[in-house]
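Dear colleague,

I am passing on the structure below, together with some notes on what was found in it. Please read the notes with the coordinates open beside you.

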Amino acid sequence: MKYNLIVVGAGHAGCEAANIAAKLGSKVLLITMNMETIAKMSCNPAMGGVAKGQIVREIDALGGLSGIVSDYSMMQFRMLNTSKGPAMWSPRTQNDRTLFSLKWRELLENNFNIDFIQDSVNEILIDNNKANGVKTTSGNTYYSNAVIVTSGTFMNGIIHIGRKQITGGRMGDKASYGITEQLVSLGFEAGRMKTGTPPRVDGRTINYGVMEEQAGDLDPQCFSFRNPIQIKKQHSCHITYTNEQVHDTLRSAFADSPLFNGAIQGVGPRYCPSVEDKVNRFAERTRHQIFVEPEGWNTYETYINGFSTSLPQDIQFKALRQIKGFENAKIFRPGYAIEYDFFYPTQLKLSLETKVIDNLYFAGQINGTTGYEEAACQGLMAGINAHNKVKEKDSFILKRSDAYIGVLIDDLINKGTKEPYRMFTSRAEYRILLRQDNADLRLMPLAYKQGTITQQEFDRLEYKRSNVNTINKIIKKKTITPVETNPVLEKYNTAPIPQNYHIEKVLSRPQINFKHLLEIDSINKLMSDYNEDELLQSEIQLKYKGYIQTEEENVEKLLRHENLKIDSTFDFNTITSLSLEARDKLNQIKPENIGQASRISGVSPADVSVLLVHFGR
């Protein structure tokens with residue numbers, strides 16, 4: 001049979017791609033090398049974190065499953081950066097690795113538009129410059145209208161442990177071959193990247209009593225807006241530190257480190273270096289933080305976050321035992337580095353379709369990103385866009401002002417990357433608008449138009465929006481008296497009010513939030529019909545009103561440039577007043593509008609002015 005879509009790879013990107021396309025009505029074939037490792041958490045057993053948590057919430061708002069699966073498998077919840085403003089708040093969960101993978105498989109199998117095959121793809125079928133299927137190493141051929149490649153770290157993967165090299169996509173799994181060589185022969189430009197993982201330790205041999213305990217939030221939340229699950233118990237993590245003795249042990253084996261002896265050619269993640277890289281680069285530091293994270297409710301296997309390494313296994317063991325709390329530690333699995341192929345993302349359209357081959361889409365680490373969350377959101381967008389292309393609908397493109405997902409894709413396509421790309425809040429110029437708390441308000445209306453969320457889910461969103469608007473009206477209109485208010489204000493170290501004040505005026509104080517004001521009987525009665533999420537949304541909109549308005553004005557200016565379209569066949573060499581670098585980059589990227597052109601590395605403000613004159617303001 002012929003499928004609408006074939007998804008190659010069942011990691012986080014592949015799972016989101018297959019699910020969302022099938023949810024929209026496409027018949028999907030999901031091909032994975034191992035049915036037992038669908039959505040496997042190959043590295044740390046956690047989802048979210050700084051900026052990544054915003055992405056998970058955006059995926060949920062757009063109809064994806066990463067948030068729901070994360071909540072189901074949650075062992076601990078923490079909202080990071082709460083000492084800062086709400087634009088920086090980032091949800092993070094510690095997850096049961098086994099439950100995470102099992103839940104993903106269950107939800108995918110419950111979608112009857114998805115078929116599964118355990119096999120390895122070694123060739124993309126291409127006819128008349130269009131992808132129309134795949135061939136596998138077992139000799140089978142499968143046909144489709146579009147193909148999404150989500151190969152993760154498997155293409156020509158090599159695992160490094162000291163001087164030992166093992167071919168594989170991750171420890172215990174074979175590498176895949178053929179696709180890189182085929183696509184390079186067709187004109188694609190490929191590169192090599194590197195990532196790594198730490199040893200896993202037997203938790204029965206760890207002395208947690210001498211470590212710092214890191215408990216979850218007292219009032220844990222969840223990722224999903226659409227199907228929230230409240231965690232009933234949490235598992236603590238722990239913190240310890242390396243020391244100079246550990247560093248000396250690591251240095252003693254630098255000659256055997258593939259990172260330093262030239263064995264590894266790929267570029268590793270700058271923001272998540274291996275422990276030997278940290279010791280080398282930050283020689284003045286006498287210690288580095290280590291997070292000790294459980295891998296599941298029913299296992300003692302423990303993830304040693306911050307101790308990623310590719311040093312020989314005996315050195316890993318010796319250095320680990322010199323860390324406080326690990327004096328008697330036993331290793332279940334050693335740490336290792338892995339090198340793999342990727343394709344420079346400047347070869348993609350904003351829809352994640354390749355420019356060289358029609359109906360061929362890339363998502364995840366094949367595009368040079370790192371992290372489950374970055375991969376999952378690309379898979380989601382590739383799945384929607386491949387479905388839309390097959391059904392002859394317009395591409396679904398998120399702008400930088402719409403979502404962190406829009407920032408990520410825009411960065412990849414326009415700036416490219418030569419190192420594993422990781423999302424940070426600092427990458428988003430409109431991060432006050434792109435908060436984790438309002439991802440549903442921002443994106444669910446767009447998802448509803450695409451058909452990726454249900455009528456019931458959209459109705460719940462509109463009910464929430466209506467309640468927030470009502471709260472905003474109440475706090476502007478209603479007043480509170482000094483007699484009832486001042487005891488609460490004094491309790492939280494802020495000045496008393498001399499006369500009746502509007503609630504809005506008191507709530508705008510930085511020392512006061514809605515939880516404080518609910519201690520006042522009259523306000524408690526006024527707000528009894530509204531939940532904590534709605535009250536928080538109203539409070540943030542009030543306190544950051546000026547900043548929000550400023551960013552919205554900046555977005556309006558940006559959209560004027562975004563609306564100035566550029567034909568995909570336009571030859572920028574015809575505009576001789578552009579710099580040579582700008583002409584080269586513009587012809588390479590083929591921006592769809594002036595806004596996109598302005599964000600391409602190598603296109604100066606002067607070049608943008610030339611484009612504005614040429615294409616008309």
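**Two asparagines in loops**

Asn359 lies in the loop between strand S19 (336-343) and strand S20 (360-362), where strands (E, at least two residues) and helices (H or I, at least four) are DSSP runs numbered from the N terminus. This is a predicted model, in which local features need pLDDT of at least 70 and side-chain atom pairs count only at pLDDT 80 or more, while totals for chains, interfaces and linings use all residues. Residues are numbered from 1 along each chain as its sequence is written, and side-chain values use heavy atoms, with hydrogens and water left out.

The phi of Asn359 is near 65°, a positive value in a residue other than glycine, and at 11% relative accessibility Asn359 counts as buried (buried means under 20% relative accessible area, exposed over 50%, and partly exposed in between, with a 1.4 Å probe and protein chains only). Asn129, in the loop between strand S7 (121-127) and strand S8 (130-136), likewise has a positive phi of about 65°, but at 41% relative accessibility Asn129 is partly exposed.

The axes of helix H2 (residues 52-61) and helix H9 (residues 372-390) come within 9 Å and cross at roughly 25°, the axes being lines fitted to C-alpha atoms, for helices over the stretch in contact, and the angles running from 0 to 180 degrees between N-to-C directions. H2 and H9 are therefore roughly parallel to each other (angles under 35 degrees count as roughly parallel, over 145 as roughly antiparallel, 65 to 115 as roughly perpendicular and the rest as oblique). In this pair, Lys52, Ile55, Val56 and Ile59 of H2 meet Glu373, Glu374, Ala376, Cys377 and Leu380 of H9, contact meaning heavy atoms within 4.5 Å.

Of the 114 residues in the largest nonpolar core, those touching the most other members are Leu62, Val134, Leu360, Phe362, Ile405 and Leu586 (such a core is a set of buried Ala, Val, Leu, Ile, Met, Phe, Trp, Tyr and Cys residues joined through side-chain atoms within 4.5 Å). The largest share of this core, 10 residues, comes from H9. Leaving aside neighbours within four places in sequence, Ile405 is in contact with Ile55, Glu58, Ile59, Leu62, Cys377, Met381 and Leu398.

His387 is also found in H9 and is buried, with a relative accessible area of 2%; not counting residues up to four places away in sequence, His387 touches Leu5, Ala21, Leu24, Gly25, Ser26 and Lys393.

With best regards
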